[in-house]
Amino acid sequence: DRHAFKGEIPRVPGLRLVDDMRAEEIRKLYTYNMFQAALAYLGALRGYNLATECLADPEVRAEAQGALDEAGLALQAEYCFGADDMAGWNDNVVTQTNNPLLGDTVKRLGADPRRKLRREDRLIGPTLLAGKHSIEPRHLVRAIAAGMRYKDPDDAGAVHVQGRILELGLSAALYEVCGLTEVDQNLVEDIVRAYDDVQK
């Protein structure tokens, strides 16, 4: 945060000064964290174990990339990030996630969907932001639907989400798990439609 320094700012290689730290925090959550969660949930439906395996599947990659593009447009509209800046940032998101040396797993990137599907978190957050700026969040919606389908008996968050779907039904579970309200009814209906589609 450029404004947090007192006196002369030290010249440190790699130090990137920003004027709006909150915007940068949101950008990281709505791009890096969103992309990796979307990739994990979509990839899990096809039985993949590694992030690199998910990215090697053209359809999974296209879905996750589509969600990233939608989030990028929403962030540009909300925080005035430049188009070139945002494109370079998103390219870096994909490149870093596709690093086989990291060995990132679907299990780690998808862990605790109960938290990751909350209203202000990495999936619902950018989806609502896109809607605010009249950007159709088609791929983000599909990523959320995949997240609602994520199953891992060793993951308490995943078990909780599946339990709420079983007890309440999908629509009511979406309102509860994702913190959605009557104002978000159209989004809930879109996710319900995508829920069956992403399984195909």
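Asp 190 comes out as partly exposed at 32% relative accessibility (buried means under 20% relative accessible area, exposed over 50%, partly exposed in between, with a 1.4 Å probe and protein chains only). This is a predicted model, where local features need pLDDT of at least 70, side-chain atom pairs count only at pLDDT 80 or more, and totals for chains, interfaces and linings use all residues. Residues are numbered from 1 along each chain as its sequence is written, and side-chain values use heavy atoms, leaving out hydrogens and water.

Asp 190 has a salt-bridge partner in Arg 193, with the closest N and O atoms 2.3 Å apart (a salt bridge is a side-chain nitrogen of Lys or Arg within 4 Å of a carboxyl oxygen of Asp or Glu). The two sit 3 residues apart in helix H11, so about one helical turn separates them. Arg 193 is exposed, at 55%.

## Pairs across the chain

Lys 132 and Glu 78 also form a salt bridge, their closest N and O atoms being 3.0 Å apart. That links distant parts of the chain: Lys 132 is in helix H7 (residues 124-132) and Glu 78 in helix H3 (residues 58-79), 54 residues apart. Helices here are DSSP runs (H or I, at least four residues), numbered from the N terminus. Lys 132 is exposed at 56%, while Glu 78 is partly exposed at 27%.

Then there's Asp 184 with Arg 119, at 2.9 Å between the closest N and O atoms. Both lie in loops, so the pair ties together parts 65 residues apart in sequence. Asp 184 is buried at 9%; Arg 119 is partly exposed at 28%.

## The wider tally

Overall, the structure holds 18 salt bridges. Glu 24, Arg 27 and Asp 85 are joined in a salt-bridge network.
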